[in-house]
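Biologist: I'd like to learn how to read a few features in a model. Can we start with what touches what?

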Amino acid sequence: MKIFDIYSHTINTYWSYDGSKSTPGTIYNDKSEDDNGWGWKWQDKIAWDQTKSGGSVKTYNSDYGVATMSVKFENKKTGVGSTVEATTKYGHTYNATTISDVTFSNSGIGFTYNKTSGRWSNTGNWPIKLK
């Protein structure tokens, strides 16, 4: 059952050297109209960045990132003063481990990995009071 429509989404990453916005390479947007979720996939990298003095420094292009998603609720009873819960999950793989599947359900967000090593993930949950 679909409970909201996604009408905008962004993801930005920032260099570890100076915190300026980076270009994370190809970002894949994965979305199914039947799911109540959205996913991004990108490849981080270490590269040379320009310093203010004109030199260069080896730096990481995904030191941190910010992702946003704006939604419209289908339930007409959800409105000002209602509290909804947003859940995010971040998965990171290395040493040839890959994520083979992502699921969105009422019980949360799930990742299926092709190996039991070379991976980690983190989940966040936030109750949000609508204004």
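Modeller: Contact means heavy atoms within 4.5 Å. Before the case itself, note that this is a predicted model, where local features need pLDDT of at least 70 and side-chain atom pairs pLDDT 80 or more, while totals for chains, interfaces and linings use all residues. Residues are numbered from 1 along each chain as its sequence is written, and side-chain values use heavy atoms, leaving out hydrogens and water.

Biologist: Which residues is Thr-59 in contact with, leaving aside neighbours within four places in sequence?

Modeller: Trp-15, Ser-16, Tyr-17, Lys-45, Ile-46, Ala-47 and Asp-49. Thr-59 itself lies in strand E6, residues 56-60 (strands are DSSP runs of E, at least two residues, numbered from the N terminus).

Biologist: Is Thr-59 buried or exposed?

Modeller: Buried means under 20% relative accessible area, exposed over 50%, and partly exposed in between, with a 1.4 Å probe and protein chains only. Thr-59 has 4%, so it's buried.

Biologist: How do strands E9 and E10 pair?

Modeller: Two strands pair if DSSP finds at least two bridges between them. Here E9 (residues 99-105) and E10 (residues 108-113) run antiparallel, with 6 bridges.

Biologist: What joins E9 to E10, and which residue stands opposite Phe-104?

Modeller: A hairpin makes the link, through 2 residues. Opposite Phe-104 you'll see Ile-109 in E10.

Methods:
Helix = DSSP H or I, 4+ residues; strand = E, 2+ residues; numbered from the N terminus.
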